[in-house]
Amino acid sequence: MDKKITLLLLCCYLCHSCAEKDKDEDDGCIWKTKVVNVSAYNSVHWQTDQEPSVAAWGDTLLPGMKAIAVSRDLLDLGLEQGSHVKIQGLDGFYTVMDKMHSRWRNKIDIYMGTDIAKARKWGRKKLKIKYRVKRETNIDNE
């Protein structure tokens, strides 16, 4: 249990740190925006697998975490494990902690613990997200 609490506190700290960097600091990162399909998922075996609280990279998901799963095509855009994402209409930042089956494209799933009714009520939406990626450097100019 102490490991789960430590992980939760670490995620909260990272989200807070990212929020602070939303200011005009030049930390080598830039914000990008993209419109994606957004749905929700839960830690139940019939939506995931036999270990519903363990994400694809091995992270443990706990109810209350602001975590998301991303379609694999979004990984190529810089939305990798640990990336922070702002979702239109929702408060705070969400952390990429899971990835979806390869059949999905341009999609994120918001983690909603074991609250299946809340996930169903959320439904499906098309929303804008903001996410931070490392600024690309132009090798020709070096």
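# Questions on a predicted model

Trainee: Over residues 138-142, where pLDDT stays under 50, how many contacts does the model have beyond four places in sequence?

Mentor: pLDDT is the predictor's confidence in each residue, from 0 to 100, and contact means heavy atoms within 4.5 Å. This is a predicted model, in which local features need pLDDT of at least 70 and side-chain atom pairs count only at pLDDT 80 or more, whereas totals for chains, interfaces and linings use all residues. Residues are numbered from 1 along each chain as its sequence is written, and side-chain values use heavy atoms, with hydrogens and water left out. For residues 138-142, the number of contacts beyond four places in sequence is one.

Trainee: What is the mean pLDDT of the protein chain, and over which residues is the pLDDT below 50 while the stretch has ten contacts beyond near neighbours in sequence?

Mentor: The protein chain has a mean pLDDT of 82, with 76% of its residues reaching 70 or more. The stretch with pLDDT below 50 and ten contacts in the model beyond near neighbours in sequence is residues 16-24.

Trainee: In what order do the elements of the protein chain run from the N terminus on?

Mentor: Helices (H or I, at least four residues) and strands (E, at least two) are taken as DSSP runs and numbered from the N terminus. The protein chain has three helices and six strands. From the N terminus on, their order is α-β-β-α-β-β-β-α-β.

Trainee: What does Ile87 touch, not counting residues up to four places away in sequence?

Mentor: Ile87 is listed among the residues that touch the most other members of the largest core. With residues up to four places away in sequence not counted, Ile87 touches Ile68, Tyr94, Ile108, Ile110, Leu127, Lys128 and Ile129.

Trainee: Is Ala69 buried or exposed?

Mentor: The place of Ala69 is in strand E2. Leaving aside neighbours within four places in sequence, Ala69 is in contact with Tyr41, Asp98, Lys99, Met100, Lys107, Ile108 and Asp109, and its C-alpha atom is separated by 8.7 Å from that of Thr95, 26 residues apart along the chain. Because its relative accessible area is 3%, Ala69 counts as buried.

Trainee: How many residues apart in sequence are the parts that the pair of Trp31 and Phe93 ties together?

Mentor: Rings of Phe, Tyr and Trp (its six-membered ring) pair if their centres lie within 6.5 Å, with planes under 30 degrees apart counted as stacked, over 60 as edge-to-face and the rest as tilted. Trp31 and Phe93 form a tilted pair, 5.8 Å centre to centre with 35° between the planes. Trp31 is partly exposed, with a relative accessible area of 24%, whereas Phe93, at 11% relative accessibility, counts as buried. Trp31 lies in strand E1 and Phe93 in the loop between E3 and E4, so the number of residues by which the parts are apart in sequence is 62.

Trainee: Over the ring of which residue does the charged end of Lys130 sit?

Mentor: A charge sits over a ring if NZ of Lys or CZ of Arg is within 6 Å of the ring centre and within 35 degrees of the ring normal. The charged end of Lys107 sits over the ring of Trp104, 5.0 Å from its centre. The charged end of Lys130 sits 5.5 Å from the centre of the ring it covers, which is that of Trp31.

Trainee: By what distance are the C-alpha atoms of Lys86 and Ile129 separated?

Mentor: Lys86 has its place in strand E3 and is partly exposed, with a relative accessible area of 28%. Not counting residues up to four places away in sequence, Lys86 touches Asp91, Gly92, Phe93, Lys128, Ile129 and Lys130. Lys86 and Ile129 are 43 residues apart along the chain, and their C-alpha atoms are separated by 5.6 Å.

Terms used:
Core = buried A, V, L, I, M, F, W, Y, C linked by side-chain atoms within 4.5 Å. Buried < 20%, exposed > 50% of the residue type's maximum accessible area, 1.4 Å probe, protein only.
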